[in-house]
Amino acid sequence: MKKDDCIFCKIANGEIPSDTVYEDDKYRAILDLSPAVKGHTLIIPKDHFDDLLSADEETLESVLKLAQRIGAAQLKALKCDGFNVVQNNGEAAGQTVHHLHVHIIPRYNGGAKMVAWEQLKSEPEEQQKIAGEIKAAL
Ligand code: AMP
Ligand code: ZN
């Protein structure tokens, strides 16, 4: 299903041109227009899902396999040393385009490491409480 006012629906389905690195019946992978690093790629399903929560079973199963292929191709083609697989859900997490997509970001030894955060100190009791809350919500 497509959503009329969604830019990634239009890109994924070829209505808006993009620098496509891969395409099949279900996906288009394109270069990010404002990349974190040269070669930053976005995997975009052709069907519209707002985010990971609304993705169907088939997409959940296949998207990580494609992430593996794109990452392997970046290592080979760009001679990068690693890559991040990033997927944002909700504005609080930095999601700006509300059509499910997965970022594959090339990384180089000695270069910037994305997904960096300040490491908090964890307290055993609090950790147990939080783990229990998440477990109970599954
Ligand atoms: P997110 O913050 O996870 O929603 O990521 C959205 C990404 O889409 C950002 O990295 C943008 O640079 C990228 N982006 C937005 N519009 C376009 C576009 N028309 N073509 C390619 N990438 C885009
Ligand atoms: Zn869409």
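Q: In which strand is His103 found?
A: In this predicted model, His103 belongs to strand S5, which covers residues 102–107.

Q: Why is His103 called buried?
A: The relative accessibility of His103 is 13%. The limit for buried is under 20%, so His103 counts as buried.

Q: What makes the pairing of the His103 and His40 side chains a polar contact?
A: The two side chains are joined at 2.8 Å. A polar contact needs a pair of N or O atoms within 3.5 Å, one able to donate a hydrogen and the other to accept it. The pair formed by His103 and His40 is listed as such a contact.

Q: Which residues does His103 contact, leaving aside neighbours within four places in sequence?
A: The partners are Asp32, His40, Thr41, Leu42, Asn84, Val85, Val86 and Asn88. Contact here stands for heavy atoms within 4.5 Å.

Q: Which atoms coordinate the zinc ion (ligand 2)?
A: The donors are SG of Cys6, SG of Cys9, ND1 of His48 and ND1 of His99, at 2.0 to 2.3 Å. Donors have to be within 2.8 Å of the metal, and these four are counted as coordinating the zinc ion. Their spacing along the sequence reads C-x2-C-x38-H-x50-H.

Q: Why is the arrangement around the zinc ion (ligand 2) called tetrahedral?
A: The four donor atoms subtend angles of 105 to 116°. Four donors count as tetrahedral if all angles lie between 85 and 135 degrees, and therefore the arrangement around this zinc ion is tetrahedral.

Q: How do you know that the charged end of Lys26 sits over the ring of Tyr27?
A: The charged end is 5.7 Å from the ring centre. For Lys, NZ has to be within 6 Å of the centre and within 35 degrees of the ring normal. Lys26 is listed as sitting over the ring of Tyr27.

Q: Why is Lys26 described as buried?
A: Lys26 has a relative accessible area of 16%. With the limit at under 20%, Lys26 is therefore buried. Its place is in the loop between strand S1 (20–23) and strand S2 (27–31).

Q: What does Lys26 touch, not counting residues up to four places away in sequence?
A: Lys26 touches Ile44, Pro45, Lys46, Asp56, Glu58, Thr59 and Ser62. The C-alpha atoms of Lys26 and Pro45 are 5.8 Å apart, with the two residues 19 apart along the chain. With Thr59 there is a polar contact between side chains at 2.9 Å.

Q: Why does Lys79 count as exposed?
A: Exposed requires over 50% relative accessible area. Lys79 has 61% relative accessibility, so Lys79 is exposed. Lys79 lies in the loop between helix H2 (57–78) and strand S4 (82–86). Although Lys79 is not a glycine, its phi is positive, at about 60°.

Q: How many aromatic pairs does a search of the whole structure find?
A: The search finds zero. A pair would need ring centres within 6.5 Å.

Q: What pattern does the protein chain follow, read along the sequence?
A: The pattern is α-β-β-β-α-β-β-α, with three helices and five strands in the chain. Of its 138 residues, 33% are buried.

Key
Residues are numbered from 1 along each chain as its sequence is written. Chains are lettered from A and ligands numbered from 1 in the order in which they are written. This is a predicted model: local features need pLDDT of at least 70, side-chain atom pairs count only at pLDDT 80 or more; totals for chains, interfaces and linings use all residues. Side-chain values use heavy atoms; hydrogens and water are left out. Helices (H or I, at least four residues) and strands (E, at least two) are DSSP runs, numbered from the N terminus. Buried means under 20% relative accessible area, exposed over 50%, partly exposed in between (1.4 Å probe, protein chains only). Rings of Phe, Tyr and Trp (its six-membered ring) pair if their centres lie within 6.5 Å; planes under 30 degrees apart count as stacked, over 60 as edge-to-face and the rest as tilted. Donors are N, O and S atoms within 2.8 Å of the metal (3.2 Å for Na, K and Ca); water is not among the atoms, so sites may look incomplete. Four donors count as tetrahedral if all angles lie between 85 and 135 degrees; four count as square planar and six as octahedral if opposite donors are over 155 degrees apart and all others between 65 and 115; anything else is irregular.
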